[in-house]
Amino acid sequence: MKRWFIKSDNGLTKENFKNNSEFSYITCQLLANRKIDYKNVKNFLYPDYKYLHNPFLMKDLDTAIEILVDAIDNNLHIQIVGDYDQDGNSATVVLMKGLGFFTDNISFAIPHRIEDGYGISKGIVDNAKKNGVDLIITCDNGISAFEVADYCNSLNIPMIITDHHQVCFDDEGNQILPKASAVINPHRVDCEYPFKELCGAGVAFKLMQALYDELGGDEDYLIDLLQFVSMGTVCDVVDLVDENRFFVKKGLEILNSSDNIGINKLKAENEVGKITTTSLGYKLGPCINAAGRLESASIGVELFLEKMKK
Ligand SMILES: [Mn+2]
């Protein structure tokens with residue numbers, strides 16, 4: 001017989017859950033041990049779309065939506081610039097599919113690990129210019145792309161940065177941001193968004209959530225994108241609390257009944273039955289990461305954008 005001891009030395013007890021007879025003392029203590037207070041208990045135990053935060057609380061998101069709506073209305077060529085790891089792949093797929101609901105005039109570019117190095121580069125912008133790109137959106141990178149943002153300005157290509165990496169500070173401790181048209185990153189010191197621990201795909205999803213709000217996009221189609229957000233969330237190893245918890249719970253459900261050709265092929269190839277956080281983190285995710293290490297990470301994005309020939 002096992003003798004279980006419940007840690008209870010953090011001063012948080014059932015009193016934090018007072019007037020709430022829904023949960024047993026032990027449940028309350030276990031939640032308290034995870035620093036989940038009464039306010040967040042429902043959201044933690046029963047994650048749901050309705051508990052997601054308003055995306056417009058994110059600094060610059062309104063500006064980004066204005067630019068995007070204008071680009072869609074005028075059929076401008078939008079290019080997504082992602083990253084070569086799993087989260088970068090997920091963020092790129094979320095934006096490609098998310099924007100794809102409203103426009104066909106989209107493309108993506110993923111930096112080549114060896115030839116370009118990390119993040120958006122002048123070379124990628126040169127290519128974009130050559131291909132008639134009118135608007136660049138970065139995902140899972142860009143927060144330190146100071147020179148590239150200036151370069152885009154010199155070429156008159158507006159850039160929306162979406163990223164979740166830490167922002168830069170100057171010697172005096174002031175936040176410094178690239179001079180892009182919009183810089184969306186919950187870590188900005190002037191960003192009041194209540195949850196900071198999103199992965200790159202999570203930030204990309206928030207932008208899409210706002211766009212679907214704004215343009216009345218199909219909510220089921222939007223939620224279907226969470227299968228990719230869950231992959232980025234697990235593989236970037238961000239905490240499974242707050243919105244991340246919903247992204248992963250819902251995303252896993254969708255992954256396991258997905259009609260995405262790439263997901264199903266990847267699953268079959270790896271002999272994965274049910275997709276879990278473990279199979280994402282140790283089997284499927286590493287395959288996508290490997291694409292960027294062995295050759296080009298673009299094939300990982302193409303895999304999930306694959307469509308059946310009619
Ligand atoms: Mn990331």
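This is a predicted model: local features need pLDDT of at least 70, side-chain atom pairs count only at pLDDT 80 or more; totals for chains, interfaces and linings use all residues.
Residues are numbered from 1 along each chain as its sequence is written, and side-chain values use heavy atoms, with hydrogens and water left out.

Let me start with the metal. Which residues coordinate the manganese ion? The donors are Asp87 (OD), Asp140 (OD), His164 (NE2) and Asp236 (OD), at 2.2 to 2.3 Å, where a donor is an N, O or S atom within 2.8 Å of the metal (3.2 Å for Na, K and Ca), and since water is not among the atoms, sites may look incomplete. Along the sequence, the spacing of these donor residues reads D-x52-D-x23-H-x71-D. Asp87 sits in helix H4 (residues 86–100) and Asp140 in the loop between strand E3 (135–138) and helix H6 (146–154), so this pair ties together parts that are 53 residues apart in sequence. Helices (H or I, at least four residues) and strands (E, at least two) are DSSP runs, numbered from the N terminus. Asp87 and Asp140 are both buried, and here buried means under 20% relative accessible area, exposed means over 50%, and partly exposed lies in between, with a 1.4 Å probe and protein chains only.

Now to the salt bridges. Side chains of opposite charge can pair when their charged atoms come close. The structure holds 6 salt bridges, each being a side-chain nitrogen of Lys or Arg within 4 Å of a carboxyl oxygen of Asp or Glu. In one of them, Asp60 pairs with Arg188, with the closest N and O atoms 3.0 Å apart. Asp60 lies in the loop between helix H2 (41–45) and H3, and Arg188 in the loop between strand E7 (182–184) and H7, so the pair ties together parts that are 128 residues apart in sequence. Both of these residues, Asp60 and Arg188, are buried, and together with Asp190 they are linked in a network of salt bridges.

Another salt bridge joins Glu243 to Lys206, with 2.6 Å between the closest N and O atoms. This pair links distant parts of the chain, as Glu243 is in helix H10 (residues 242–255) and Lys206 in helix H7, 37 residues apart. Glu243 and Lys206 are both buried. By contrast, Lys250 and Glu253, whose side chains meet in a salt bridge at 3.3 Å, N to O, are 3 residues apart in helix H10 and therefore separated by about one helical turn. Lys250 counts as partly exposed at 27% relative accessibility, and Glu253 also counts as partly exposed, at 42%.

Finally, the surface. Patches are made of residues with over 30% relative accessible area and no salt bridge, with like charges joined within 9 Å and nonpolar side chains (Val, Leu, Ile, Met, Phe, Trp, Tyr) within 5 Å. A negative patch includes Asp62, Glu66 and Glu214 among its members. Which helix gives the most to the negative patch? That is H3, with 4 residues. Glu214 lies in helix H7 and is partly exposed, with a relative accessible area of 48%. A nonpolar patch is formed by Ile6, Tyr25, Ile26 and Leu30, with about 340 Å² of accessible area together. Ile6 is placed in the segment before helix H1 (25–33).

Technical notes:
Accessible areas come from the Shrake-Rupley method with a 1.4 Å probe; for residues, only the protein chains shown count as cover. Lys and Arg count as positive and Asp and Glu as negative; His and the chain ends are not counted. The place of a charge is taken as NZ of Lys, CZ of Arg, CG of Asp or CD of Glu.
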